[in-house]
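Please look through the chain below before reading on. The paragraphs that follow go from its overall build to one of its sheets.

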Amino acid sequence: MISGIAHINLTIPQGTLEQAEEFYGTTLGLTSAPVPELQKGTILWFNIGSSGQQVHITVGATDPQATRHPCFKLPSREELEEIKASIYDHHVRGGPAAPMAADRPGEVNSGTQGKEYPTRFFARDFGGNLLEFTM
């Protein structure tokens with residue numbers, strides 16, 4: 001019986017591991033985790049809090065139009081708004097690791113609207129991966 005998710009894997013373009021470290025480590029605040037010795041320099045792993053769950057970043061095909069996405073859960077509305085502001089600020093600031101798209105704090109989110117979705121927002125990382133954030 002499935003009891004949880006061990007990790008999700010997101011792909012990024014060749015040569016962008018440094019940008020992934022900046023976006024996932026600094027902007028999102030995930031903690032870098034050790035990778036297998038033979039894969040150092042080719043993949044990154046990030047811990048999602050102390051849940052035992054991880055985000056794995058590998059080089060591979062990307063599709064900036066895809067709607068498939070992970071959804072990250074935040075413990076409070078305040079923390080949801082803080083990470084939204086962090087992502088948007090990085091988007092506006094620009095740079096190689098900047099998100100391609102980010103919902104602007106205080107405006108209607110880019111996802112489907114409705115009473116089922118009162119507290120969520122979306123962003124697209126520098127590699128085109130769609131990311132959802134909720135509480």
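Helices (H or I, at least four residues) and strands (E, at least two) are DSSP runs, numbered from the N terminus. By that count the protein chain has 2 helices and 8 strands, in the order β-α-β-β-β-β-α-β-β-β from the N terminus on. This is a predicted model, in which local features need pLDDT of at least 70, side-chain atom pairs count only at pLDDT 80 or more, and totals for chains, interfaces and linings use all residues. Residues are numbered from 1 along each chain as its sequence is written, and side-chain values use heavy atoms, with hydrogens and water left out.

The C-alpha atoms fill a box of roughly 45 × 40 × 25 Å along the principal axes. Of the 135 residues, 41% count as buried, that is, under 20% relative accessible area with a 1.4 Å probe, protein chains only.

Strands of a sheet pair through backbone hydrogen bonds, either parallel or antiparallel. Here 4 strands form an open sheet in the order 5-8-7-6, with mixed pairing; two strands pair if DSSP finds at least two bridges between them. Strand 5 (71–73) and strand 6 (101–102) are the edge strands, and each pairs on one side only. Strand 5 runs parallel to strand 8 (residues 130–134), to which it is joined over 3 bridges. Phenylalanine 72 has phenylalanine 133 in strand 8 as its bridge partner.

Helix 2 (residues 77–93) lies across strand 6, strand 7 (120–124) and strand 8, at about 25° to strand 7. The angle, on a scale from 0 to 180 degrees, is between N-to-C directions of axes fitted to C-alpha atoms, for helices over the stretch in contact, where contact means heavy atoms within 4.5 Å.

Technical notes: Buried < 20%, exposed > 50% of the residue type's maximum accessible area, 1.4 Å probe, protein only.
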